[in-house]
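This briefing goes through selected local features of one structure, grouped by topic. Please keep the sequence and the model at hand while reading.

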Amino acid sequence: MEKSCIFPDFPHFLHGGDYNPDQWQKYPEILEEDMRLFKLANCNSVSVGIFAWAALEPEEGKFDFSFLDKAMDDIYANGGRVILATPSGARPAWMAQKYPEVMRVDESRQRHWFGNRHNHCFTSPIYRQKVAEINGRLAERYKDHPALIAWHVSNEYSGSCHCDLCRAAFREWLKRKYGTLEALNDQWWTAFWAHTYTDWSQIDPPSPPMGDRAINGLRIDWLRFAADQTTDFFKNEIAPLRKFTPHIPVTANLMGFHTSVDYRVLAKELDFVSHDSYPEWKGTAADIRHASDHAARYDLNRSLKHKPFIQMESTPSNTNWKQFNKLKRPGMHMLSSMQILAHGSESVLYFQWRKSRGAAERFHGAVVDHVGHENTRVFRDVAEVGARLKKLEEILGTVTESRVAILYDWQNRWALDVAQGFQMSDKKVQKTLQDHYFALWRRGINVEIIGEEDDFSRYDLVIAPQLYMTSEKLIGKIADYVRDGGEMLCTYMLGMVNENDRCHLGGFPGGKLKEVFGIWNEEIDTLYPEDSNRVEWRGKSYRAFDYCELLHAEGAETLAVYGEDFYAGMPAITAHPYGKGKAYYVAFRGEDEFLYDFIGSLLEERGIVSDFDGALPYGVTAHSRTDGETVYVFLQNFTAQPQETETSRVWRTVEDGEPVSGRIALAPYGTLILARKPGEPG
Ligand code: GLA
Ligand code: ZN
């Protein structure tokens, strides 16, 4: 396998973060000091200009690049590189004043005033033109600048706009999708509550406060449209970047499971994925689950392109926007930074380099505090991470190999989020995925989080919790995957609706899924929070809660039954050989211990093991990367206590090449990064 990293001309883990010299133009001494501190902190890169439009274009058509020229030159002179931002995440006041159409209209059809950020219309021709112009000027000016390594396009795209332009664009999108109103009425089941549309102009976006929320197909299509329109806006942003800097890769910073944009659509247009995340470390046992939940985010973002990614933002200490903004305990910064690497990142980047002097984010964690010097705990933590990254460079360009995938699609999630029924307010789609993920994380199993367009045959085991929305195409794909030898685990709510949220007729799970799983799900019981049932499997009794389906085995083998209530004795877990593969079904929501044990049995059946051979105490895990020959294992202790494990192999530490075998001690919050060539003796 050829090792290739995201920036082959700058083969280092990036370390640095959001740098805002535009805010400090009146403080030349601070800008000077930044460069001294940049080197001291072992940083090598910054993201600049993310919210700098007012500095770059103080008056319409009058540009001033002086602060940016200096920053680009200074960073380069100090051995660093720049990820240059396009400034569309926030616009200057003059623009909003002169061209109100650039501002977003909310679902109550109120146009927002100037202020805040991330609130532009993504259809407005004027905004698109202004963005293309400033982006073009930036690209033309810096196209040959040796500091420039990537484009950071806009910031955390999210949400949608309900202005007349966006509504008209939505109707056009619907015409393209359905062709005729009859087809749309049919798929959306608009005979319900007299919704039949007789003219395209009658269709408006859903609006829970003011307009429609009864037509699920409409709600899901609106979100699909928003993802397409965001992606189209992104394409407009990058056209001038491609023109002047075809050699510079583009990215947009994503936010894990963020719901308003289908990242699978946007990610197709990115050269590499970048990701922001802010775990809420508590300094308690809760950190263990929290670490797993964040690992799932990293894996999701990595899996969008099945390639290493850039961690664009994280905090070196606290945030300032949570309810409680606790400090990272000593050791946690190193632990969380190494965790990002363990899941495929080629960077540890921060929001933010220096705390701003005023406004909303001045108390958010930063490398440099208001005190202004390097003698702080956080600065030392950061410098230590930077020093360690330099010693880990042989890991750059390595990839994550995984035999297990979890299926997660935004559209399925939206469909469940808007569905009336079940538990009304929260179907817990993300949490359920993370519950399944946790069972794998605890065992040190690498996971990909894939979408329905991905190739299932790359995996031995595909887990698809709450896969409610299944098109005929997806049903066919699942059937083929299992028939050809794959192992699939699905759960309650499988295959209830098609891609436009119309129920499958003829019993659930819809279509061929009944044949693949050998079951019929007659009813689903939604339990009150205080209710539960019991399921006994392999001699152990587990709590079933939230959902229990009343299942009939129609060809499947029943592995366990319900112990209580009027459906006691009905199947709760089934297995069904289909073709060369096997389809498992779990009809209830189970506790963590159940998922740990049950998923463990599937791994065992397929011989899927962690790349680290030792036992993993609760809170200790091991994820790996490889170049095809050497396996790199990140053995991490997410507990505040020392932990121990034992290996029967011979490893070396990546940082200093020390041999490691037998008993291994892990410090509280400690990370050991081990390497070994499986082909070699030992
Ligand atoms: C987001 C934004 C940053 C900053 C941080 C604060 O991720 O992209 O500009 O506001 O949050 O945590
Ligand atoms: Zn709009």
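Which residues does Met 338 touch, not counting residues up to four places away in sequence? In this predicted model, Met 338 touches Val 385, Arg 388, Leu 389, Leu 392, Phe 634, Gln 636, Thr 671 and Ile 673, with residues up to four places away in sequence left out of the list.

- Met 338 belongs to helix H11, which covers residues 332-342, and it counts as buried because its relative accessibility is 0%, where the cut-off for buried is under 20%.
- One of the residues it touches is Val 385; Met 338 and Val 385 are separated by 47 residues in sequence, while their C-alpha atoms are 8.4 Å apart in space.

**Zinc site**
- The zinc ion (ligand 2) is coordinated at 2.3 Å by the SG atoms of Cys 121, Cys 161, Cys 163 and Cys 166, and the spacing of these donor residues in sequence is C-x39-C-x1-C-x2-C.
- The arrangement around the zinc ion (ligand 2) is tetrahedral because its 4 donor atoms subtend angles of 100 to 117°, and tetrahedral requires all angles to lie between 85 and 135 degrees.

**Nonpolar surface patch**
- Trp 189, Phe 192 and Trp 193 make a nonpolar surface patch of about 420 Å².
- Of these residues, Trp 193 is placed in the loop between helix H7 (181-188) and helix H8 (216-244), and Trp 193 counts as exposed because its relative accessibility is 60%, the cut-off for exposed being over 50%.

Conventions:
Residues are numbered from 1 along each chain as its sequence is written. Chains are lettered from A and ligands numbered from 1 in the order in which they are written. This is a predicted model: local features need pLDDT of at least 70, side-chain atom pairs count only at pLDDT 80 or more; totals for chains, interfaces and linings use all residues. Side-chain values use heavy atoms; hydrogens and water are left out. Donors are N, O and S atoms within 2.8 Å of the metal (3.2 Å for Na, K and Ca); water is not among the atoms, so sites may look incomplete. Four donors count as tetrahedral if all angles lie between 85 and 135 degrees; four count as square planar and six as octahedral if opposite donors are over 155 degrees apart and all others between 65 and 115; anything else is irregular. Patches are made of residues with over 30% relative accessible area and no salt bridge: like charges are joined within 9 Å, nonpolar side chains (Val, Leu, Ile, Met, Phe, Trp, Tyr) within 5 Å. Accessible areas come from the Shrake-Rupley method with a 1.4 Å probe; for residues, only the protein chains shown count as cover. A salt bridge is a side-chain nitrogen of Lys or Arg within 4 Å of a carboxyl oxygen of Asp or Glu. Helices (H or I, at least four residues) and strands (E, at least two) are DSSP runs, numbered from the N terminus. Buried means under 20% relative accessible area, exposed over 50%, partly exposed in between (1.4 Å probe, protein chains only). Contact means heavy atoms within 4.5 Å.
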